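Please look over the structure below. The report covers a set of paired strands and a surface patch.

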Amino acid sequence: MESIKWALQWSGRQRWRLYAGFFFAAAVVGLMLAEPFFFRRIIDDVLLKEEYGELPGLLIKSLGVGALFMALKYINTISWEVLSQEITRGVRHDLFKRIIAQTSGFFRQNAAGDLITKCTGDVDILRHFFSWVIPGMIESVLMVVSVLTLFLVIDPLYALCLFILTPVAAALSFALGRKMRPAHGAVSDQRAVLSTVVNENINGMRVVRAFTREDYEIGKFTRENERFRDAMLEVNKTWLRYAPLIESASQFLNVVNLVVGGIMVIAGRITLGQMQIFMSLAWALNQPMVQMGLYINDAQRFFASGEKLMRIYESRNAIRSPEAPAVESAEAVQGDISFKNVSLRMDGVDILSDINIEIKAGKTVGFMGPTGSGKTVLASLIPRFAGVTRGAVLVDGINVEHYALPALRGAIGMTM
C-alpha cells in the first residue's frame with residue numbers, strides 16, 4: 001500500500017478521477033445486474049404467460065440499459081487512463097530530476113542499464129497498475145458482493161450452493177499473490193542487469209573492439225540472457241501452478257448452477273426466469289475469480305517495481321546548496337583556490353590524504369601522476385562533484401560548502 005500512496009502524490013488535479021472511478025464502477029455493476037431482470041420478465045411474464053404486448057417495451061429498455069452500460073464503461077476506462085498517464089508522467093519527470101542531481105557515487109552503485117529500466121519499464125508497470133489493475137479489482141469486488149447479495153435475496157439455499165466455491169478461489173488467489181511478488185522482483189532485477197550489459201557494450205564499443213573482447217562480451221550477455229529467461233520461466237511456472245485451479249473452480253460453478261437450478265425449478269421453488277438470472281449472472285462470479293488471479297499477478301509486479309522506484313527516488317544527494325549561501329552569483333567569484341588538509345575516502349578506500357594546495361586566481365596549475373592516483377577526483381572537489389571526508393576546499397577564502405551550487409559551478413569552465 002505504501003507504493004500506491006507514494007505514486008498518488010503525482011495525481012495532482014486528476015486525483016478526483018480516483019474517487020469518480022468508484023462511482024462509475026458502481027454504476028456499471030448496477031447496470032450489469034439490471035439487464036438479467038428484463039430477461040426474467042420476458043420469460044416469466046411474456047413467454048410463459050403468452051402476453052406479448054410487453055415484449056417491445058422490455059426489449060427497448062434492455063437495449064437502453066446496454067447502451068448506457070457501454071457509455072459509462074468507456075468513460076470510466078478513459079478516466080482511469082488519464083489518471084495513470086498523469087501519475088507516470090510526474091513520476092518519470094521527478095525520478096529523472098533526482099537521478100540527474102546525484103553524485104558520482106550514486107552512479108557507481110546504480111548501473112546505467114538499471115536506471116534506464118526503472119525510468120522506462122518499471123514506470124510503465126506503474127501505469128498499467130492504475131489504468132487496468134485498480135479499476136478491474138474495484139469492479140470485481142463490487143460485482144461479487146452485489147451478485148452474492150442479489151442471489152441471497154432471490155433464494156438463500158440456491159445462493160449458498162453457489163457460494164461454496166468462492167472461499168476456495170479466494171484462498172488460491174491469495175496464495176498466488178504471495179508467490180508472485182518475489183518472482184516478479186527477480187525478473188525486474190535480472191532485466192536491469194541485462195540492460196546494463198547492453199548499455200555498457202554500446203557505449204564502450206570502441207574499447208571492446210580495440211581489445212578484441214567481442215567473444216567475451218557475447219558470452220557475458222548470453223549468461224545474463226539465460227538468467228533472465230530462467231527468471232521469466234519461474235514467473236510463468238508459478239502462475240501456471242495456481243491459475244488452472246482458479247479457473248477450474250469457476251467453471252465448476254456453472255455445473256453446480258445448472259444442476260441445482262434445474263432441481264429447484266422442477267420442485268417449484270424458483271421460476272424459470274429466476275433461474276435464468278442465476279445462470280446469466282453466474283459469469284459475474286466466474287469472471288472475477290479468474291480475473292482476480294490476473295490482477296493479483298499484475299499487482300505484485302507493481303509492488304516489486306514500486307519498491308525499486310521508491311528507493312531511487314528517496315536517494316538523497318548529500319551535496320546540496322546551503323539554505324543560506326554565502327555566495328549566490330558566479331560573477332562574484334574571483335578564483336583563489338585552497339585545499340586545507342583535505343582527505344577523501346570513497347567506498348571504503350582512501351583516495352586522498354592531507355592535501356594542502358594554494359592556487360591564486362589567474363595562475364595555471366597542472367596535476368601529474370599515474371592513472372588512478374586521484375587527479376580527477378582532486379579536481380572534482382572544487383565544484384563539489386564529491387564532498388571531502390576531512391579538511392576543507394576554499395574558493396576566495398570561503399568553504400565551497402557555503403556556495404550556492406549554481407554560483408560555484410557556473411564560475412568553473414570544464415572540458416571532458
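Buried means under 20% relative accessible area, exposed means over 50%, and partly exposed lies in between (1.4 Å probe, protein chains only). Strands (E, at least two residues) and helices (H or I, at least four) are DSSP runs, numbered from the N terminus. This is a predicted model: local features need pLDDT of at least 70, side-chain atom pairs count only at pLDDT 80 or more, and totals for chains, interfaces and linings use all residues. Residues are numbered from 1 along each chain as its sequence is written, and side-chain values use heavy atoms, without hydrogens and water.

**Strand β1**

Strand β1 spans residues 337–346, and seven of its 10 residues are buried, so the rest of the structure largely encloses it. Strands pair if DSSP finds at least two bridges between them.

The hairpin of β1 and β2 has two residues between the strands. There, aspartate 347 takes a positive phi near 55 degrees.

**Nonpolar patch**

Phe252, Val255, Leu258, Val259, Ile263 and Met279 make a nonpolar surface patch of about 550 Å². Patch residues have over 30% relative accessible area and no salt bridge; nonpolar side chains (Val, Leu, Ile, Met, Phe, Trp, Tyr) are joined within 5 Å, like charges within 9 Å. A salt bridge is a side-chain nitrogen of Lys or Arg within 4 Å of a carboxyl oxygen of Asp or Glu. Areas come from the Shrake-Rupley method with a 1.4 Å probe; for residues, only the protein chains shown count as cover. Helix α9 (residues 214–267) gives the most to the patch, with five residues. Methionine 279 lies in helix α10 (residues 272–313). Methionine 279 counts as partly exposed because its relative accessibility is 35%.
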